[in-house]
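Here are my notes for anyone opening this one for the first time. Have the structure open while you read.

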Number of protein chains: 4
Amino acid sequence: MELLSFKTPEIAHFAYLLSDGHNAALIDPRRDTQEYLKAARERGVQIRYIFETHRQEDFVMGSTFLAQQTGAQIVNGTHELFGHGDLRLEDGEHVTLGSLKLRALHTPGHTPESMCYAIYESEGNKPAWGVFTGDTLFFGTTGRTDLTDRNKSVENAAILYDSVHSKLSGLGDTALILPAHGPGSVCGSGMASRPSSTLGVEKKENDVFTLSRQEFANKKGSEQLSRPPFFRHMEKVNLEGGIAPVNSTGTIQIVDVDTIREKNKETLVYDTREPEAYAGGHVSDSYSIWLGGLPVFGGWVADKNSEIYLITDRESDIDTAVTYLSRIGIDNVKGALAGGFGNWRKSGAPISTSGTISAQELKDDPLSFQILDVREKDEFIKGHIPGSENIFVGHLLHKLDELDFDKSRPVIVTCGVGHRAGLGVSILRRGGYKDVRNLLGGMSAWNQLNLATIQ
Amino acid sequence: MELLSFKTPEIAHFAYLLSDGHNAALIDPRRDTQEYLKAARERGVQIRYIFETHRQEDFVMGSTFLAQQTGAQIVNGTHELFGHGDLRLEDGEHVTLGSLKLRALHTPGHTPESMCYAIYESEGNKPAWGVFTGDTLFFGTTGRTDLTDRNKSVENAAILYDSVHSKLSGLGDTALILPAHGPGSVCGSGMASRPSSTLGVEKKENDVFTLSRQEFANKKGSEQLSRPPFFRHMEKVNLEGGIAPVNSTGTIQIVDVDTIREKNKETLVYDTREPEAYAGGHVSDSYSIWLGGLPVFGGWVADKNSEIYLITDRESDIDTAVTYLSRIGIDNVKGALAGGFGNWRKSGAPISTSGTISAQELKDDPLSFQILDVREKDEFIKGHIPGSENIFVGHLLHKLDELDFDKSRPVIVTCGVGHRAGLGVSILRRGGYKDVRNLLGGMSAWNQLNLATIQ
Amino acid sequence: MELLSFKTPEIAHFAYLLSDGHNAALIDPRRDTQEYLKAARERGVQIRYIFETHRQEDFVMGSTFLAQQTGAQIVNGTHELFGHGDLRLEDGEHVTLGSLKLRALHTPGHTPESMCYAIYESEGNKPAWGVFTGDTLFFGTTGRTDLTDRNKSVENAAILYDSVHSKLSGLGDTALILPAHGPGSVCGSGMASRPSSTLGVEKKENDVFTLSRQEFANKKGSEQLSRPPFFRHMEKVNLEGGIAPVNSTGTIQIVDVDTIREKNKETLVYDTREPEAYAGGHVSDSYSIWLGGLPVFGGWVADKNSEIYLITDRESDIDTAVTYLSRIGIDNVKGALAGGFGNWRKSGAPISTSGTISAQELKDDPLSFQILDVREKDEFIKGHIPGSENIFVGHLLHKLDELDFDKSRPVIVTCGVGHRAGLGVSILRRGGYKDVRNLLGGMSAWNQLNLATIQ
Amino acid sequence: MELLSFKTPEIAHFAYLLSDGHNAALIDPRRDTQEYLKAARERGVQIRYIFETHRQEDFVMGSTFLAQQTGAQIVNGTHELFGHGDLRLEDGEHVTLGSLKLRALHTPGHTPESMCYAIYESEGNKPAWGVFTGDTLFFGTTGRTDLTDRNKSVENAAILYDSVHSKLSGLGDTALILPAHGPGSVCGSGMASRPSSTLGVEKKENDVFTLSRQEFANKKGSEQLSRPPFFRHMEKVNLEGGIAPVNSTGTIQIVDVDTIREKNKETLVYDTREPEAYAGGHVSDSYSIWLGGLPVFGGWVADKNSEIYLITDRESDIDTAVTYLSRIGIDNVKGALAGGFGNWRKSGAPISTSGTISAQELKDDPLSFQILDVREKDEFIKGHIPGSENIFVGHLLHKLDELDFDKSRPVIVTCGVGHRAGLGVSILRRGGYKDVRNLLGGMSAWNQLNLATIQ
């Protein structure tokens, strides 16, 4: 038996390849499947089954495409939120994979259709070797329960509690926990950064085991997490096992400065450079979204129909950016600036700048500035700069009117380290704010200097 | 101005990217276009035009696909053997590429539609900077003239002579010669291995300049080159600018030993390992075609409709093999053996072996063997082992009946170094020959030992 | 906290990088340290400490070299078999790494100096988060106890039992077990192929917990494992934290056929191709050692003073081979054949061949052959071909005299799948055996066909 | 015969590998030799000779190191400025390389010891196939003649003229010209961007052929090129064939923010990010030198004894930066900031900013600024912004006193596209200028907007 995990760091997603040396199962694939295929090939194993734990919300699933590529069967549950599937397992049914057995467990809570799959070595009557837990059970926490209906979050949390206790709790303390997400995922909060965990570990450290049913439901149900708009599209395409990739690596057209200048009026321009570079010079009206932020924040600004042009630091970033956006269903990248911002600079085309400020400078002169904190409300509540306002960066574009700042006075934008603030800066600049500055290092720098915060 | 050349070594093909720093032209692209796109991107230039010198016979062109990917226009001539094209130039017309000018020259001979394109720097009245010569003028030789009609080869050679003298000769001795092929191509023979050449160089060293019209026509027209069967398919698809790639890298299914055993009866199995490895153990009835030989010899055995399974030495060879075959239009690779021959070996499935022999051993005991030389007739004529018969390996499958060897007596197969002989061995084995041995090192080893040959 | 593991598959070795996001510790580094440095860099963490669990026997340690490269301190125990070290910890002492704490545990048994290091998150009074167990506790088994003195193996096993029960048992069932080796290592046998384990898991599945002290000591102490000769050299250099690398990638000289012919008399030639390729043609007197087998079997044939020339399948294999050999202290690779065996073949130089046979063929005609099984005695005892003799391949060179086979009659050599048999074939050929054949697929193929074995 | 060229783009250097398929010569190697070794290996050829055309001034040669690695002999001339060499050839002597012959030609002018090597195919009495011309003859121009003594530049140019006419002119118009440098090199100016050239081409387009002796000497001798300080060190180490590499890839220590803060006082900090990023935030007193500029401008600021710390955009840039600096003999890179500028930002450490300005903004308000143009004098003379002062960036550090700008008023720094200006900005900032801004896009942007320049 070999178990291999594949991490997609930007969305903190895990897929798994489980094999007995000849046959393999792939659990919860993303849309760009090459890495999975390559791993299977290198081991000389054939992917026979694709298991889905649930209809993922935060990325386009690759089940249907991978099934085409491999001839594998898609395995999931009987709930109607799985709108497809070759083998639809009832709770308790199993699939045999060479010398292994995978038993289906229906574990609603995170979503109604959520399934877990317990792994058994077929020899003898052993406890489960491990369990693929999807978004039901993470390391140190559980999946969010507000997605289907924010008002039923507490209720769903209680259902999740019951699922865990009735279906997972008895698998044996040595069972490996194999979840679909890790720390940083938008599908939950507070994941532990352990490299691995077992049911025994979780029983000691996870709220779902250490709290009572009611305590857990209340705590879990009161989380305040934002819900990215692209979740709606993911739910739709993942109902049918996702959609095949459109853009192949290397094929995005590169365009000249004139094309960007012309298209800038009607389309979105994403500048994927670091925030200092954006501050030092950028194309007017472009959005600043750092490379690693595209598969989340790219989906707050654009939707699947948006046409996007890219301005990158390096040529090699183009394919990365396209892949990241495609993972949340954004396939309409129409082009990228040939030569990146370096070519724009040389062309004599207009260049905008925005400002930066260090934590020390802000501390020395706080009254000169209006301060906008664009982190999630949960983060803001835990500690923020005195006098700062909070609008989550994902909501900022649509809540600009709610911001009663003076457009002619300087604004400081802050977040954790300065990345999301970069996007905030670009949104304010598009919104007519003249002097907008990124607090470099954000709350990290602020806290390192032990400057005052309030809760 | 920058000129970049792209070599596809296995078919000795050259494509070119010519740019003025902003705009670029791509000359004679192959079907898998990533390398071209990457080079354009890295330079920050946009491909505006795709020039075709002629309807290539030996590989699938990428014009149509590259035009889709880039929005570039396809440029060629007005002859009907260009069945497509956005800008169809008459002889003498030109296209402007930023600060450069490319003038079309109709140069029939290799084929009726063949075009050359002379490059001019627009400043002043300078001679041509270079000329894309397609298969008209190579380094040290010219394109073969037997393809349209073997019986008109002498006549076509005279036409080619006239094209060169009337259209190219006056471009100026400093003009760079930029052909579509180099040494090893099946589109000509006797190319010089210079890294570059100019018209001035060719005037001193190329038959088309150093011989008289009649001498040239007779010599060129009497070449005896084989015509691979896949040329027919290439001519058809290239009439329309080629076909888009089908198989993407990494997506070929890998299959188990049982699948190969079952499919072996009805499909082709290509073993891409080196000849010694094949000799030491192989799957019965598989064809031995070394990796680098696939884009030529793969097309002598298979056609575009053949279903093929691969047995490779390493996992990474699978994609290489698929790409090589796709370049000659063979898109029907259905799978590759998981784990390569190593897995076959372990499985207990039947293994065949064939023999090898060294040049010294053969020399010491020549009378015990029947010797088959599978090189081209032109090679055979120049010197071969006394007593050897000659059937070109590409024809062997269909000429097995013409071989009056005793199937129960041992056969030695030889070629240049042992690669083509490997294919010959596998064909004879399929044909019922019991004891077939590859002369390791072939005529190279034989000649190194100064053993006797006859002409 | 982040924990990263680095696997060296050919020797089944694990090193670890443990960091708190700023500072890091590297546990049990091998000699070629680039991979560790790269990982630290990519994370932006500084390696402050290098922990050694014991004086490794099966590979050259990289502690001293890595300390030079990073300025890190070497941490180990106070036993004299650690002949060096910047921080020498008594049992129970600890080192602080940012927010983490690593506590030293002296756990003799595998070797007298063996240490484990328990990891604690400093917040609160939690149980250990994990423990680096070196060769003391593996997944499902423990380190071999025969290395210091084969006659005291049972006694050492009892000491190991005590170490585990007194030092590790109380760390808490959730503690991750982080050993230095996995399945396939020569430092133990019977490792489980789990991707991770905890103390809780081991308590249920590991002999050291499930057997009594006496049962465990007897069972562990009676293992029959071979002891590679290079262990002696490893013990010497690792006493001082290993030796720095000598050969850098890409710098091995490539030499021509004449050099190999000349050097062949006085040096070792290692042919790293697959066994079928070797059988189909090879350089006389060369040893057949497949690429992946070099870091173990390369050390049975050569010692640190041997001069070695390589014949590889591909150019890229040269660096791999050199790295593999250097890991066991063999730095005297003097060259590799330019162009690999392909060039030898072309040169007309003499070529030897050996034979192959399939399991079915052997089964059909068993009486024609003398059969030599070159697996470890433990493997042989569990089931072998009736009539076969057993000499472990590592001992074969020095026990050729003990083999009372008829040199003029054909010999079949077998092992697990055919790799070690390849080495056996080449040793017998050097020893004067005329007709030696490799049983392709070895006992794997034999068993797949359900052919008879005896114990 | 195969000829391969290796380009080192940042210093516009060419080395060559010439082989007959078995034996090879390497011409003018740089210090990091892996690329050469790899190419030789992939072709299966052995490097037998290392030819030096002269004692290079602009990079550390790799002759001695490559000779150690390969056993090859170093070939050069008899002049004492070659302080070493295994085969010291008189003018007219030759070396045989398999089927090829390389004839030595002493061609003083660029430097007194300069040699060219003409390549002959040994069959028959043909003209030269090509000639390695070092810095004697470039495409379209010749090497600078001011290096040995600026006052003897005209005189040396006449000597060079004579060398070319007496030694090269008669080699035959088809001879390939194979120089050591291309456009962008500091060893000459005005190279043509042809991909290849022949003697015939040069006779039509190169001043050394189209001008009279006197005209050429006067024109060449009046070039005004700066002489980087590192030339002195190169001359010294290259007298002995260069020095072996010190820093291996991947081994530079990464250090934390505190280390940089502390070391910043006594050492140099090089920030290799793009100029906009530097403007948006940087470490006080760091020098801004973009990555590609290190192997030239890194040597204007540092010398071989300087200790340097790096701040890069990405982890992968560290090795690139170290290699680039090592090529001009700067081996004292002591460390690189872990996590690049991103980590600095987060740490709360002080951040400086500088300004940027677009060409349009400057044009609209020219009187508010003092303008410093840091290009070479030759570039400045050809056209600059009215009112701008010129100090070449390489001299700026030592000529700050000569700049009579008002430190309290804003300064604009400009160059070609903004890279060298970035370095200029950082030097002015260190020099006490408060408000320093980089003209983004530099003279390129200025000219694209057709704004006024004066000569």
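The points below take up a helix, a helix pair, a pair of copies and a chain contact in turn.

1. Before anything else, keep in mind that this is a predicted model. Everything I say below should be read with that in mind.

2. Start with helix α12 of chain A, residues 340-347. Is it enclosed or out in the open? Eight of its eight residues are buried, so the helix is largely enclosed by the rest of the structure. The buried set includes glycines A:G340 and A:G342, and also A:F341, A:W344, A:R345 and A:K346.

3. What covers α12(A)? From its own chain, the cover over the buried residues includes α8 (257-263), β15 (308-311) and β16 (333-337).

4. Now move to chain B and look at helices α3 (residues 153-168) and α6 (residues 213-221). Two packed helices are described by the angle between their axes and the distance between the axes. For this pair the angle is about 135 degrees and the axes are 8 Å apart. α3(B) and α6(B) are therefore oblique to each other, and the crossing of α3(B) past α6(B) is right-handed.

5. Which residues make that contact? On the α3(B) side they are B:S153, B:V154, B:A157, B:A158 and B:Y161. They meet B:R213, B:F216, B:A217, B:N218, B:K220 and B:G221 of α6(B). By class, the contact holds six nonpolar, three polar and two charged residues.

6. Finally, have a look at where chain C touches chain D. How many residues does each chain bring? Chain C puts in 25 and chain D 24. On the chain C side, the elements giving two or more residues are α1 (34-43), α2 (63-70) and β12 (254-255). α1(C) gives the most to that side, with six residues. Sorted by class, the chain C side comes out as seven nonpolar, 13 polar and five charged residues.

Notes:
Residues are numbered from 1 along each chain as its sequence is written. Chains are lettered from A and ligands numbered from 1 in the order in which they are written. This is a predicted model: local features need pLDDT of at least 70, side-chain atom pairs count only at pLDDT 80 or more; totals for chains, interfaces and linings use all residues. A residue is buried if 20 or more other C-beta atoms lie within 10 Å of its own, exposed if 12 or fewer, and partly exposed in between; C-beta atoms are placed from the backbone. Helices (H or I, at least four residues) and strands (E, at least two) are DSSP runs, numbered from the N terminus. Two residues are in contact if their C-beta atoms, placed from the backbone, lie within 7 Å. Axes are lines fitted to C-alpha atoms, for helices over the stretch in contact, and angles run from 0 to 180 degrees between N-to-C directions. Angles under 35 degrees count as roughly parallel, over 145 as roughly antiparallel, 65 to 115 as roughly perpendicular and the rest as oblique. A crossing is left-handed if the near helix is turned anticlockwise from the far one by less than a right angle, and right-handed if clockwise. Ala, Val, Leu, Ile, Met, Phe, Trp, Tyr, Cys and Pro count as nonpolar, Asp, Glu, Lys and Arg as charged, and the others, Gly among them, as polar.
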